[in-house]
Structure formats: structure tokens, C-alpha cells
Amino acid sequence: MKKVVIPLAIILLFTAPWIVSGPFFVHLMIMVLMWTVLGASWNILGGFTGQVSFGHSTFLGAGAYTTMILYLKLGVAPWYGIPIGGLVAALIALPIGFICFRLRGPYFALSTLAVAEIIRLVALNWESLTNGPVGLLITTLPEVTFWGRSIDWESKTPFYYIIAVIALGAIVATYIMSRTRLGAYSLAIREDIDSAEAIGINTVQARVAALSLSAFFAGVAGGFYAMYLRYIDPDAVFSIALSVEMVFIAVVGGLTTVAGPLIGAIVLVTFGETFRELFLVGHLIFYGLMMMIVIRYLPEGIWGKLRLWFGTRS
Amino acid sequence: MDTFIQSIVSGILTGSLYAMIGVGLTVIFGVMRIINMAHGDMVMLGMYGAFLAPTFLRIDPFLSIVIWIPIAFIVGVLLYRFLLKNIVPAGELNTLLYTAGLSLFIANLVLLIGTGDYRTIKLKYAIMPLRPFGIAVPIPLAIAFGMAILITVALYWFLVRTDTGRAIRATSQEPEAAALMGVNVDRMAIITFALGTALACGAGVLLAPSLYLYPTVGEILVAKCFVIVVLGGLGSVPGAIAGGLLLGLVESLGAVYVSVPYKDAIGFVIFLLVLLFRPSGLFGVGKS
């Protein structure tokens, strides 16, 4: 079944803008895919190593600001800025990891929250670099020709393809990670960190590696966020709410699964964005509700549960 | 010198309210081992309670505390009984995520019912600050300070002197031994959660006239609250009181002597240092 479903899903991913039309639906799909990347990023750390981070907006913000500053101050085009933003986020993750991974469980979660708040305050006050609370704004994107045609940045379709590639990359990276030594170490750490330590796994190194990989994708998504919305400010990209949303998408979709973040993003973002169109505020109400339902009745997440059903049938 | 005394005074005034919120979180952690991410939203609900009091109940915002505390207690009982009771045995991290969901739900419900506007409460009697010995003391904060002390002392008396209080402390120290001694641990969990919720809500009522209120204010309050309880040692009531006062002082002194924009960051930096080097809290009384 996998052999049919996966190619079909990929074909659907790249033909979707021809099937559905209307700016709202394209925007919705872009948001779903962006949140898939963020959910996948959180899943790499939270799902595989079991370390709950409430500070992932740090990496999103780092990627967003790197992309934005490189473009505005040095004229580096966003398509180079986005991967560089991911790398910067991965680098920032190293010291954070070495500090915070001395703590375990809920204490780690609280420390990431504190780090994220400190970084938000720094971004808010380091005005020479970040322009402070005023934020940064891109007015025009550089002209690019693709197969002889100049790309129309006013349309949403080019952004859709960019984020589709990134999302595919994040999902593939999750799959590859789950097959490698790092994935096995991560699962051992998630199940029992003391035993993992006892059998000779360097748990700090493995967790830092997972965090860094996770931060890379959050940073890439952040860079895309900056380029797509063309405006960022510290409260928008470094907020606690963003970190929490990432957690929710990964958990609702299904932790430690490859496709979970995609399912989580489809369910939550579709509802959230539609809700935002209708009521303007309070679109996260459904996130909270779904989180409570999932933790209570479906601890393995929506995809985790579906996968179990498929597993028993075949 | 005047600035120094002034910032000490305002630090202690704000700190007393931080302490009250922190005590609520820490008793809940002590008995149930859960970190309640929705604690800040209970404070937020209290703040809105105070905001609505003059219009709907036609009483002073501060007086409305006598109505909101019992209501919050009942809400706490219901929340625990119908939502949290089944989650707590699933482990600390699941509870953390669950209460994060609850927090988002409550904040967005308020956002949806009301609006996201920043609101303030204007009190007729609180236009000019009091000036004893040349130190400016805002009247709303002074009243809140007095009431917070009363409530904290009452709670302390309850925990130390009454049978229920002793049972709560016993459960917090050693749940199994407490159960063997005939303490109904489940009942203690309900009472403690309700008590913590009532304290958070009460502190919200008292804070409301001194802060801006908006539906997501709980987010930042809960983060501060973690700083407070970790400073004092998770699970320790005296620790949370000291941690609250300390955070109040750090913020007000930091604003004067370090920098206004970074005053909130100082608290978080201290928080990280304490977590890393003294995980049982500055006074070494908490449980890690």
C-alpha cells in the first residue's frame, strides 16, 4: 500500500495548485505545509528523543531574522537566505542544547521557555540589528526567471512550490533520521535516559544533535515565513504561542511518526485558518481543544492511531 | 538613595502578588507533581473578573474578590474532577501538554467572547499615589499588597494548623505514607488544585487594577510564575513566597540599575542559573 500512497501523495503535493484555485486555498495549503515543517521540526526533538521544548520559536525567529537581515542589509536573495537561516538556527541550538540538556523532563521544558523569552527580549531591544519592535519589512523580492518566464511574486503559487519542497525535505529527513543511529539513540533516550546512558550512549551529544537538526528545519521554516509574509517583528516570530503551536501540531498528528506532523498540520491549520477567516480572533481555541482530546483519548496522535488501524488490517 | 528605597518598596509590593500566584502553582506541584501551564490563565480570569465587577455586580473591583475566590475554588474542583483527574497518572509530560492545551483553550475562549483589546481598570480613589516618607506608593498596589498578605497568612495558617492542611503537606511530602496513615490522597488532590486555582484567581483580581489586561496575559504570567517557584524550590510554600518577593525586587531594581527593556530578562537569566546549579531552589527546600 505504501508503494501506491507515497507517490500519489507526492504527485498531489506538486499538482495541488492546478487542482484547487482561489488565493485563500493556496494560502491555506502554504500554511499547512509551513506548519508541517514546523511540526516535523518539533517532532524530531520532542517525538524521537522525548524532550519537550517550549522554546522552538527561538529557531524559527533566528531563521526568519537571518533571512530578512541578509536580504535587507547585504542583498542576499531569500532562496540563499532560507538555508543559511536554517544553519544559523542549528548553530544557535548547540549552546542552548549543551546548557538546557543538563536538565530533564519538565525542567528542560521550562528552561527552553526561559531561553526563548530571553532571546525574544534581546531581539526586541537590539535595535541596530533587528530594528526592534518596529520589525523588518521587505517591499520587493528580487526578479527571478524560471524556464524563461519571470516569476510573479505577487501570486502565491511560487511560494507554494518552495514550501512544498521544504516540507518534503523535512518529512524525508525525519524518515532518514528514524532509520539511522541517531534515531535509534533518540528512541533509547526517550524510553529510558538512564539505561541509554548506561549502555554507553552519549545522551547529551545525541540530544544536541537531534535539537540541532530540529532547529535547522524550524529555521528554514522561519526564513520562508519571513519571505512569504514579508514582515517580521520579535513578538510575531519569537512568541511563546508559536512554540506552543508547534508542539500541538506534532502531538495531535502523532509523535515519533514520519507523517504525523503533516496530518496534525492538515487538521489543525485547516480549521484554524478557516476559523480566522470567519471570526478573525481566537483561532487557537480548536488547537487547545484538540490537544486535550488527543492527550486524553489518543495519546499516540491521530496518525499514530490510524497507522495502528492500517497495521491490523493488512 | 531615594530611588533605591523607592524601587525596594515597589519591588516588594509587586512581589507580594507574584508570591501569591507562585504559592498556588507550588502547592499544586507539591501534591500532584504536575506543572500547571494553565495557571496564568486562572490569573487572567481573575483579572477579567475584577474588570467586570463594577459593571455587572456593581461592586468595587477589589471587593469582588470575595465572590471570585469561592467561584474559582468550585471551578478548580470541577476542572480537576472532570478534566485532570484522568490525565495526572499518565505522567508529568502528558499533564504539561494537557494543561498547555487547556491554557490555549481558555485564553482563546476569552479572546472570542470579548476582544483582544488592552483594558485598564480606573479606580476613582486611586488617581494620586500615597506619599508616606516621600516614597510614591500607588493606592491599587498598596491595597492589593495588604490583601495578598492577609490571604497568604490565612493560607499558611490553614496549611500549618488545620487537619486538612496537615494532610495536604503530608501528601506533598510522601503520598504513599500519607495514604497509609489514612489520608484520602485523591481528596487532597482536589482540594489542593481548587486552592491553587482560587489563589491564582484571587491574585488576578488584586493585580487587575495595576496591570493592562488582555486575554493572553496568562502566557507571560505563567512564565514568571515558573521563575518564582523554581527560585524558591518547586513544591515549597515558603520558597514560593520568597521567590515571588525576590522576583519583584529583581525586576524593580533591574529596571532602575540595569535597564528597563531587559528587566524581564534578568528574572529569566536567574531562573536558568538556578535551574542549572541549584535545581532544588535557592533555599534548597524544593524537590527536583
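Predicted model: local features only at pLDDT ≥ 70, side-chain atom pairs only at ≥ 80, totals over all residues.
Two residues are in contact here if their C-beta atoms, placed from the backbone, lie within 7 Å.

**Stop 1: two crossing helices in chain A**

Select residues 23–49 and 240–253 of chain A, which are helix 2 and helix 12. Their axes come within 8 Å and cross at roughly 75°. Angles of 65 to 115 degrees count as roughly perpendicular, and helix 2 of chain A and helix 12 of chain A are therefore roughly perpendicular to each other.

Now show the side chains at the crossing. From helix 2 of chain A, pick A:Trp35, A:Leu38, A:Gly39, A:Ser41, A:Trp42, A:Asn43, A:Gly46 and A:Gly47. From helix 12 of chain A, the partners are A:Met246, A:Val247, A:Ile249, A:Ala250 and A:Gly253. This contact between helix 2 and helix 12 of chain A is made of 7 nonpolar and 6 polar residues, with no charged ones.

**Stop 2**

Move on to A:Thr256, in the loop between helix 12 and helix 13 (260–279) of chain A. Its phi is positive, about 65°, although A:Thr256 is not a glycine. Most residues other than glycine have a negative phi. Is A:Thr256 buried or exposed? A residue needs 20 or more other C-beta atoms within 10 Å to be buried; A:Thr256 has 22 such neighbours and therefore counts as buried.

**Stop 3**

Next select A:Asn131, in the loop between helix 6 (127–130) and strand 1 (136–137) of chain A. A:Asn131 is also a residue other than glycine with a positive phi, near 65°. With 19 other C-beta atoms within 10 Å, A:Asn131 is partly exposed.

**Stop 4: A:Asp192**

Go to the loop between helix 8 (181–191) and helix 9 (193–198) of chain A, where A:Asp192 is placed. It has 12 C-beta neighbours inside 10 Å and counts as exposed. Draw a distance from its C-alpha atom to that of A:Glu273: the two are 81 residues apart along the chain and separated by 38 Å.

**Stop 5: chain A as a whole**

Zoom out to chain A. Its secondary structure comes to 15 helices and 4 strands. The radius of gyration of chain A is 19 Å, close to the 20 Å that the globule rule gives for 314 residues, so chain A is as compact as a globular protein of that length. The C-alpha trace spans about 55 × 50 × 40 Å along its principal axes. Of the 314 residues, 51% count as buried. Among contacts in chain A with a separation of 6 or more, 77% are between residues 24 or more positions apart.

**Stop 6: where chain A touches chain B**

Display both chains. How many residues does each chain bring to the contact? Chain B gives 34 residues and chain A gives 35 residues. On the chain B side, helix 4 (92–113), helix 9 (217–232) and helix 11 (263–277) each supply at least two residues. Helix 4 of chain B gives the most, with 15 residues. Coloured by type, the chain B side divides into 26 nonpolar, 5 polar and 3 charged residues.

**Stop 7: helix 3 of chain B**

Select residues 65–84 of chain B, which form helix 3. Its buried residues are B:Ile65, B:Trp68, B:Ala72, B:Phe73, B:Gly76, B:Leu79, B:Tyr80 and B:Leu84. They cover an arc of only 145° around the axis, which puts them on the same side of helix 3 of chain B. Turn to the other side of the helix to find B:Val66, B:Ile74 and B:Phe82, which are exposed.

**Stop 8: B:Pro54**

B:Pro54 is in helix 2 of chain B. It is partly exposed, with 16 other C-beta atoms within 10 Å. The C-alpha atom of B:Pro54 is 8.6 Å from that of B:Ser64, 10 residues apart along the chain.

**Stop 9: chain B as a whole**

Buried residues make up 52% of the 288 residues in chain B.

Key: Residues numbered from 1 in each chain as written. Chains lettered and ligands numbered in written order. Nonpolar A, V, L, I, M, F, W, Y, C, P; charged D, E, K, R; others polar. Axes fitted to C-alpha atoms, helices over the stretch in contact; angles between N-to-C directions. Parallel < 35°, antiparallel > 145°, perpendicular 65-115°, else oblique. Rg over C-alpha atoms; globule rule 2.2 N^0.38 Å. Arc of directions from axis to C-beta.
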